[in-house]
Amino acid sequence: MILRFATPDDVPAVLAFWKLAAEDTNRGGDDTAAVRALIERDPAALRLAVDSGADNSAGDGGGDIVGSLIAGFDGWRCHLYRFAVHPARRRQGIGAMLLADAEERFRGFGGRRADAMVLDDNSLAHHAWAAAGYTPQDDWRRWVKSL
């Protein structure tokens, strides 16, 4: 298992992985242009856990994606998105490795607190976040507007 940053060549595999392993992929926003823009703007934001022992017939050195996490920093706050682990690889420490890596990145920026976008009805995710030491902040509600 290795952790690495996503590259533009990874985008199709990342999108396919999110369809398999992530929640809330049907509301839009997860498309090639958006993920490429993220990688271009912040090449270290999209972290991948990759099975380095997997057959890599594509020849890109990538292996099979088994986990992902976007660790975004806007200069003030630390944000976590698209935390996903392959369903067949859950409870093997992959998520913990991704989170530790992201938190180390945030500490390097001087970050003091990380927040995560977690769906209210995703109880599986609630358990994973709680196990990592995150707690819900009941006095906040996210407001959104499609642009």
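Predicted model: local features only at pLDDT ≥ 70, side-chain atom pairs only at ≥ 80, totals over all residues.
## Nonpolar cores

The largest nonpolar core holds 18 residues, and Trp18, Val35, Leu46 and Leu48 touch the most other members. Two or more residues of this core come from each of α1 (11-21), α2 (32-41), β2 (46-51) and β3 (64-73). The largest share, six residues, is given by α1.

A second core is separate and comprises 15 residues, including Val85, Leu98, Ala102 and Trp129. Leu98 is also among the residues touched by Leu48 once neighbours up to four places away in sequence are set aside. Other contacts of Leu48 on that basis include Ile2, Leu3, Arg4 and Ala6, as well as Val14, Ile65 and Gly67.

## Ile2 in strand β1

Ile2 belongs to strand β1, which spans residues 2-5. With a relative accessibility of 36%, Ile2 counts as partly exposed. Not counting residues up to four places away in sequence, Ile2 touches Leu48, Ala49, Val50 and Ser52.

Ile2 and Met97 are 95 residues apart along the chain, and their C-alpha atoms are separated by 9.5 Å.

## Helix α3

Helix α3 (94-109) contains 16 residues and extends 23 Å from its first C-alpha to its last, close to the 22 Å expected at 1.5 Å a residue. Its buried residues are Ile94, Gly95, Leu98, Leu99, Ala102, Arg105 and Phe106. These residues lie on the same side of α3 because they cover an arc of only 125° around the axis. In an α-helix there are 3.6 residues a turn, so residues three or four places apart point the same way.

The buried residues of α3 pack against strands β1, β2, β3, β4 and β5 (114-116), and against helix α4 (123-131). On the face turned away from the buried side, α3 carries the exposed residues Ala96, Arg107 and Gly108.

Arg82 lies in strand β4 (residues 78-85) and counts as buried because its relative accessibility is 17%, a value under the 20% limit. Arg91 is located in the loop between β4 and α3, and its relative accessibility of 87% means that Arg91 counts as exposed.

How values were computed. Residues numbered from 1 in each chain as written. Heavy atoms only, no water. Helix = DSSP H or I, 4+ residues; strand = E, 2+ residues; numbered from the N terminus. Buried < 20%, exposed > 50% of the residue type's maximum accessible area, 1.4 Å probe, protein only. Core = buried A, V, L, I, M, F, W, Y, C linked by side-chain atoms within 4.5 Å. Contact = heavy atoms within 4.5 Å. Expected span 1.5 Å × (residues − 1). Arc of directions from axis to C-beta.
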